[in-house]
Amino acid sequence: MADGLLRVTTYSLRTYWRSVFVITLLLVLPPLVLRSLPPEGIQFLNRLLFIPLPAATLDGHLFFVAFSGFLFLVLGLNVLDRAQKSITRIPVATAEIVSGLILTSLIITVVVSLVSVAVYRQFIFGEARFNERWPVLGPTLFLSTMVVVMHCAFWHLKALGVFRLIFWPYFCAGAIGWFVTRYSPGESPGYFVPWKQVTPVEFLTMSVVFIAAWFGAIRSCALVRCGVAVPTLTWERLKKELDDLKRRTLIARRKHPDSISAGVAQLYWLDSCRTLILLIALLGCLVFFINLVFFIDHTTQGEIELNPFMSPMFGISAIYSIQAAIAILFVGLINSLAKRKDHQMKGYLAGVPLSDRELSAVLLRCILKCVILSLLFVVILGLAGSYVAFVLLQGTDVIRQCWQSMVAFEAKGEIVVFAGYALLAYWIFVANSISFFWMISSRFSENVILLLPLLLIAAVCGIFYPAFGFILLLLFALLSWSATVIAYIQAYRTSLIGSQIIWLAALFCLIVPAFYWNFWNYSELPLKLFRSSSLVLAITPFATIPLAVSWNRHR
């Protein structure tokens, strides 16, 4: 067994060694940059990103645990997804394969955690402050245990059943709740208390879960490998009833499409977009209830304030929910044009009797609809809805007071202008990312994440050397305008867009960047040029997405 285990572990580590480098940089480099910034660098970054860094209130340790846990989850799912495709052809015992994959994930988790913690201790906080505020043993053991649990859940859910679908979400929620209670002892409710010491009961609890999940992963993978991991009869009956209900509902509500474009739009929405919007809707509901609970909790403690940021959870949920919505749209839509296995365009899109121009218009409308609905569920329902519900629950006096404060607020115009900029930034990031990954090859898209350290290094050089930073900003502005102009020229030459689109894009470039030019409250020309030029990227997808569709269709 040792030989097969060693071969699987060695091969996996050789395959994913770059992940250790990337995850460590993602965890270490940003706080190092912020720690080493001079005062003028902090002011530069504030003006560049519109983020008040000195006023940040997030706790570094809990953010580190949450973010590192998310990165380890993504890496582990990637490892298991690749292993699943070839697991039946590997001439190694199942226990050796599963144990090798688990050991690979554990080695990466422990190495990244310890290296990051060492950097935080020596270069960011210092030993005294680190030892006081940053526990190491407990969180590392918990992350390692959850890595093994993730492997067990992955193989266990290959044989779907009603009990399994109910058990695993509750188990994960209970595990996270158990972890949070390590920082909130009964004598200090509502305050962060470091998990300084792992008691024997806590260590025994994590050990039992660790061992049980390891053996459970081996057993579930063996069933999958033998081909006997099939859904339960109860799940099959429930799925059949749901499919029948769905079919009857679709037949009852089905409308004959008025045109081929409408039919393709409906098919593309059902195939690639509907599930993403449902996930984002669930995310918005989760944000709504979490914020409402924290608002009510502050009210029970006698802290009735109209400022929504009275609860730290409001800012945290806003940041993470918007990032999660972007991630859901990005991951779902980049795989909606081509098949994941052979990277060829999906058959119903490649063979539909529509021109490239008509097909790209259909896909653009669907993407725009996804972006609007995601903002509706997360921002309007989740964030604004929770605050409105909280105010309505306080009675008429608080409602009247809230309305009067809104009327008397003097910076309403600035808020509207900044909200418009935030919406444009959301669209710019989602749409340009999708068009970029639709146009490039799969091999390059897998390695594009390696460009992040280079960008961070360039940002650090720009902060410490203002002249170099200004050159980078000017270069970015030049690239933004050049890429947009070239994309529109190429799309127009290939008849993917019409002259009306070009005139509308030119009108946008003349009005919107000029309007925001006077909105920025700083005098440096490169900064103003950078912020205004970035808005040009809002119209770039209307040329790059048709080019990407045409290239994937005819390559």
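Predicted model: local features only at pLDDT ≥ 70, side-chain atom pairs only at ≥ 80, totals over all residues.

Biologist: Which residues line the second largest cavity?

Modeller: Phe-72, Leu-75, Gly-76, Ser-105, Thr-109 and Val-147 do. The space they line has a volume of about 30 Å³. H4 and H5 each bring at least two residues to that lining, and H4 gives the most, with 3 residues. By class, the lining splits into 3 nonpolar, 3 polar and no charged.

Biologist: How does one spot such spaces, and how many cavities of 30 Å³ or more does the whole structure have?

Modeller: The general idea is that rolling a probe the size of a water molecule over the atoms shows where empty space is left. Here, a search of the whole structure turns up 2 cavities of 30 Å³ or more.

Biologist: What is the volume of the largest cavity, and which residues line it?

Modeller: The largest cavity has about 70 Å³. Its lining includes His-61, Phe-64, Trp-134 and Pro-135. Helices H4 (60–86), H5 (94–125) and H7 (137–156) each supply at least two of the lining residues. That lining counts 8 nonpolar, 3 polar and no charged residues.

Biologist: And pockets? How much space lies in the second largest pocket?

Modeller: About 360 Å³. Its lining has 17 residues, and the closest to the pocket's centre are Tyr-11, Ser-12, Ala-83, Ser-86 and Ile-90. Helix H1 (2–15), H4 and H5 are the elements that give two or more residues. This lining has 11 nonpolar, 3 polar and 3 charged residues.

Biologist: Now the helices. At what angle do H14 and H22 pack?

Modeller: In general, two packed helices are described by the angle between their axes and the distance between the axes. For H14 (residues 356–393) and H22 (residues 541–554), the angle is about 125° and the axes are 9 Å apart. That makes H14 oblique to H22. The crossing of H14 past H22 is right-handed.

Biologist: Which residues meet there?

Modeller: On the H14 side, Asp-356, Leu-359, Ser-360, Leu-363, Leu-364 and Ile-367. Their partners in H22 include Phe-542, Ile-545, Val-549 and Arg-553. Taken by class, the residues of this contact are 9 nonpolar, 3 polar and 2 charged.

Conventions: Residues numbered from 1 in each chain as written. Heavy atoms only, no water. Axes fitted to C-alpha atoms, helices over the stretch in contact; angles between N-to-C directions. Helix = DSSP H or I, 4+ residues; strand = E, 2+ residues; numbered from the N terminus. Parallel < 35°, antiparallel > 145°, perpendicular 65-115°, else oblique. Left-handed = near helix turned anticlockwise from the far one by under 90°. Contact = heavy atoms within 4.5 Å. Nonpolar A, V, L, I, M, F, W, Y, C, P; charged D, E, K, R; others polar. 1 Å grid on protein atoms, 1.4 Å probe; cavity = no way out; pocket = protein on both sides within 12 Å on 5 of 7 lines; lining within 4 Å. Points joined across faces, edges and corners; volume = space filled by probe spheres on them.
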